[in-house]
Amino acid sequence: MSSEPQAEYCDLLIEAGWVLPVVPHGVVLEGYAVAVTGGVIQALLPISEARARFAAREVVSRPDAALMPGFVNAHTHNPMTLLRGIADDLPLMEWLNNHIWPVEAAVIGPAFVADGVTLAVAEMLRGGTTCANENYFFPDVQAAVYKRLGFRARVGLPVIDFPTAWAKTSDEYFDRAIEVHDQWRDDALVGTAFAPHAPYTVCDANFERVRMLADQLDVPVHLHTHETAQEIADSMTQYGQRPLARLDRLGLVNDRLIAVHMTQLTDAEIAMCAERGVSVVHCAESNLKLASGFCPVCKLQHAGVNLAIGTDGCASNNDLDMFGETRTAALLAKGVAGNASALDAPSALRAATLGGAKALGLDAQIGSIEPGKQADLVCVTLAEIETQPLHHVISQLIYATGRHQVSDVWIAGRARLRERTLVDLDPQALIANARQWRERIRSVRA
C-alpha cells in the first residue's frame, strides 16, 4: 500500500517572479522559490516543485518581484547619518578639518552613535541593504544597536593617532578594541574588524600593532587609503613611500586588507593587490562629491582584484542608497575606462553583494542565494512604471530601479521590512529624533 511522501517543513517559502542567485554569475531564474529554515537557505527550486516538497509556516508570494541577496554596504560611517548635509561642496581635508571633526568633537558620544546607527539601519533596510561594514567610534554601542535591530554588521575597532571621546592614548585604543572584539567574537550577526583611520592619521608603530592583532584575532583591516593625490604627495614627503608601499613594508597588504577609495593607483599597485588578495571598496559617489579622484575599477576587475561597493557616510554622499551607488559605480567605470562594457550589470550586482561579503570575510555565509547560506534576502518589485517594459532583469535592477521599489527584506530569515513597512522600527519616532539632533548640531555650529 503506497502513501504520499510527507512534505518537508520550512519556516519560510518565498516565491518570486525572478531569483538572482549571483552564483552562478549573471543567472536569472524565472518562477523560482527559496525555502528557509532556521534562518538558513534550505533550497532554491522552481515554484511548482517547492509547493510540492515543502509545508511552509509562512509563504510570501511576489510574482512581480526579483529576489536577490541583500546588498553589502562595504564602507559606512553610519552614526554620521545625523550629519547628513552639514558641510557640502568642500574638498576632503577642508571638509574634515574645518567642519566634520569640530562638530563631532562637540556632539559625539554613545547617544549620538546609537541614534545615528538606528536611523541608518532604517534607511538601509528600506533600500535593500542587509549588511554594513562600519567604521566609526564607540563600536561597543554600534554593535549593541545592530544586534538589537537584527542587522548584520562588521563594526570597526578604531585606531587613530589623536585623542577622541572613545580613547585618549594608543594603548587605550587597542585595549578597548580587544574588549569589544572579545564581547562579540562569537555572535552570529555582529563581527569586528580593525579600523585604522588612514595612513595620514596612523603611525608605523600602531599599524604594526594592528597587523599583529588582526592576525592573532583573525579579523579584517578596514582602511581608507590612496583616497586623494594629496595623500600620496604627503606620504612621499613624510615617509619617502606611497601609502600602499608603506603598508606593504608594515605587512598589511594581504587578504585581510579592505582598502577603501583607492583612487590613486599605478599598474604595479593594482597587480600587487591582485596577487595579495586585497579587496577594494569603491565609493563612487563620495569620491565624486569630494573631488577625490576615480577608482580604476576596470583595471582592478581585469587584474582579478575583489571589488566591493560602499556608500561611505551620509556626511559625504549624502545617502545610504546602494541602488544609486551601484549604478553610479557601473556608469563611472565605463567613463573612466572609455569602455562601455566595463563593470557590466551582472558584475556590478556581484560587487554590491558577494564582492562585499568576500571583502568582509563573510562570503561563506552571505552574498549569494545558495543552500546553506544565511537567508539575507531582498524582494524588489519590477512592476512599476519606471521599470517597464522588462527585457533584462539584472540590467533593469542596476540601471533603472530605485530603492523605493524594495518591498521585503529578511536578515537570517527574519523579516525586517514587510511590504514596505519597517518591522520593529517607528519611522515617525526616527524622524522626530533626527530633528532633535539637527537642533543640537545647529546650536554647536552657531
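This is a predicted model: local features need pLDDT of at least 70, side-chain atom pairs count only at pLDDT 80 or more; totals for chains, interfaces and linings use all residues.
In what order do the eight strands of the open sheet stand? The order is 3-2-1-4-13-14-15-16, and the pairing is mixed.

Strand 3, residues 40–46, stands at one of them, and strand 16, residues 421–422, at another. Each has a single partner strand, so one side of each is left without a neighbour in the sheet. Strand 4 covers residues 54–69 and strand 13 covers residues 377–381. The two pair in the antiparallel sense, over five bridges. Met 68 stands opposite Val 378 of strand 13.

Step back to the whole chain. The protein chain holds 15 helices and 16 strands. Its C-alpha atoms fill a box of roughly 80 × 45 × 45 Å along the principal axes. A compact globule of 446 residues would have a radius of gyration near 22 Å, and the chain's value of 22 Å agrees with that. Of the 446 residues, 58% count as buried. Take the contacts between residues at least 6 apart in sequence: 73% of them join residues at least 24 apart.

Next, the surface and the charges. The accessible surface comes to about 17200 Å², and carbon and sulfur atoms account for 51% of it. The protein chain has 37 positive and 52 negative charges. Their mean positions are 2 Å apart.

The loops hold some details of the backbone. Two cis peptide bonds can be visited in turn. One joins Asn 317 and Asn 318, with omega about 25°. Asn 318 is found in the loop between strand 12 (306–309) and helix 12 (322–337). Another joins Gln 388 and Pro 389, with omega about -10°. Pro 389 lies in the loop that runs between strand 13 and helix 14 (393–399).

Positive phi values come next. Leu 343 is not a glycine, yet its phi is positive, near 40°. This residue lies in the loop between helix 12 and helix 13 (345–359). Asp 424 is not a glycine either, and its phi is positive at about 70°. Asp 424 sits in the loop between strand 16 and helix 15 (427–445).

Are these two residues buried or exposed? Leu 343 has a relative accessible area of 2%; buried means under 20%, so Leu 343 is buried. Asp 424 has 55% relative accessibility; exposed means over 50%, so Asp 424 counts as exposed.

Note on methods: Residues are numbered from 1 along each chain as its sequence is written. Side-chain values use heavy atoms; hydrogens and water are left out. Helices (H or I, at least four residues) and strands (E, at least two) are DSSP runs, numbered from the N terminus. The radius of gyration is taken over C-alpha atoms; the globule rule is 2.2 Å times the number of residues to the power 0.38. Buried means under 20% relative accessible area, exposed over 50%, partly exposed in between (1.4 Å probe, protein chains only). Contact means heavy atoms within 4.5 Å. Accessible areas come from the Shrake-Rupley method with a 1.4 Å probe; for residues, only the protein chains shown count as cover. Lys and Arg count as positive and Asp and Glu as negative; His and the chain ends are not counted. The place of a charge is taken as NZ of Lys, CZ of Arg, CG of Asp or CD of Glu. Two strands pair if DSSP finds at least two bridges between them.
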